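Dear colleague,

I am passing on the structure below, and after it you will find some notes on how its chains meet. Please read them with the structure open.

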Amino acid sequence: MVVFALLIINKAGGLIYNRTFHEGLQKLDSNDYLILAGTFHGIHAISRSINPAPAVQPPPGYRRPQTTGIQSLESSHFRLTCFQTPTGVKLLLFTSPEQPNTDIVVRRCYEIYGDFVVKNPFYAMEMPIRVEKFDRSLGAYLVRPG
Amino acid sequence: MSVYSFFIFDRHTECIYSKRWTTQQPGRPTTGVANDSVPPSARKAMKDADDAKLIFGTVFSLRRMVRQLGGADDSFLSYRTGEYKLHYFETPTQLKFVMLTDPRAGNMRTVLHQIWATLFVEYVVKSPLAPTEHRGGKGVGNELFEIGLERFMEVVFAPQQ
């Protein structure tokens with residue numbers, strides 16, 4: 001049960017954070033990760049539009065019903081949990097398929113992001129994240145000792 | 001638990017079979033444009049065709065993404081949103097079986113495999129009238145396959161009492 005990697009995609013589909021915690025996924029160069037983030041951003045938007053479920057009444061103030069887009073994806077080697085914040089930032093957490101409670105883990109990562117990145121006065125929104133304390137805090141949470 | 005739709009795509013990216021289990025759409029707010037020349041039935045058919053293309057595109061990209069990340073022997077199985085779940089199964093001949101169900105549905109890989117092995121192979125591949133390539137879905141939606149699929153899905157998605 002391990003967390004392989006965490007990717008953060010900004011609301012325009014650009015990759016702003018990318019860190020691998022454990023071996024398990026193929027090694028990609030940074031360009032491939034950028035392409036991957038953009039592709040996922042597009043697929044996420046499409047997955048909202050191909051919703052086959054019967055239409056529900058949109059909440060007051062919205063013109064169309066809220067759809068969530070991809071929340072989790074399973075393959076035979078890993079599981080991808082996607083958490084989209086209300087501002088459109090997406091946190092992508094890659095774990096092993098048998099990892100439980102990935103939605104809680106990704107929410108905790110969001111909290112860490114909120115605490116160390118968004119509250120950092122020197123961080124410009126939508127830009128790549130280079131915040132040392134964020135790195136350290138994520139490492140303390142996701143890297144398993146030993 | 002319910003099933004929304006089912007698609008088969010061939011190796012030429014063409015949708016050769018699609019079936020939708022209608023969930024009665026409670027009066028979708030149709031924007032009443034009076035001079036709309038396209039009748040609603042034609043518009044629905046167009047939307048269905050577009051949906052099939054979008055689903056193929058999604059599955060194709062995700063499959064590629066999964067291969068890139070997990071290695072050549074990794075395979076994309078399913079994804080889930082808050083509203084539905086998409087299940088995917090690919091045969092060695094690159095036929096792609098896609099099913100959209102309720103998000104609460106479990107693993108449908110065995111179900112899709114069964115549809116391929118016991119229905120598609122038996123009634124479509126072994127049919128002497130079916131062509132080898134199903135251009136435009138020719139020869140797939142024959143009566144036996146339709147009835148078999150209908151029965152099979154009824155059993156799989158029977159309300160559990």
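Between chain B and chain A an area of about 2,900 Å² is buried, 63% of it given by carbon and sulfur atoms, where buried area is the accessible area (1.4 Å probe) that two parts lose on being put together, summed over both. Met65(B), Leu69(B) and Glu83(B) supply 23% of the area that chain B buries against chain A, more than any other three residues.

This is a predicted model, in which local features need pLDDT of at least 70 and side-chain atom pairs count only at pLDDT 80 or more, while totals for chains, interfaces and linings use all residues. Residues are numbered from 1 along each chain as its sequence is written, chains are lettered from A and ligands numbered from 1 in the order in which they are written, and side-chain values use heavy atoms, with hydrogens and water left out.

The contact (heavy atoms within 4.5 Å) takes 29 residues from chain B and 32 residues from chain A. There are 14 residue pairs in polar contact between the two chains, both residues at pLDDT 80 or more; a polar contact is a pair of N or O atoms within 3.5 Å, and within protein one must be able to donate a hydrogen and the other to accept it, residues adjacent in sequence counting only if both atoms are side-chain atoms.

On the side of chain B that touches chain A, helix H1 (40-70) and strand E3 (76-81) of chain B are the elements that give two or more residues, and H1(B) gives the most, with 11 residues. Helices (H or I, at least four residues) and strands (E, at least two) are DSSP runs, numbered from the N terminus.

Strand E3 (residues 70-75) of chain A pairs with E3(B) in the antiparallel sense over five bridges, pairing requiring that DSSP finds at least two bridges between two strands. In this pairing, Glu74(A) stands opposite Ser78(B).

With best wishes
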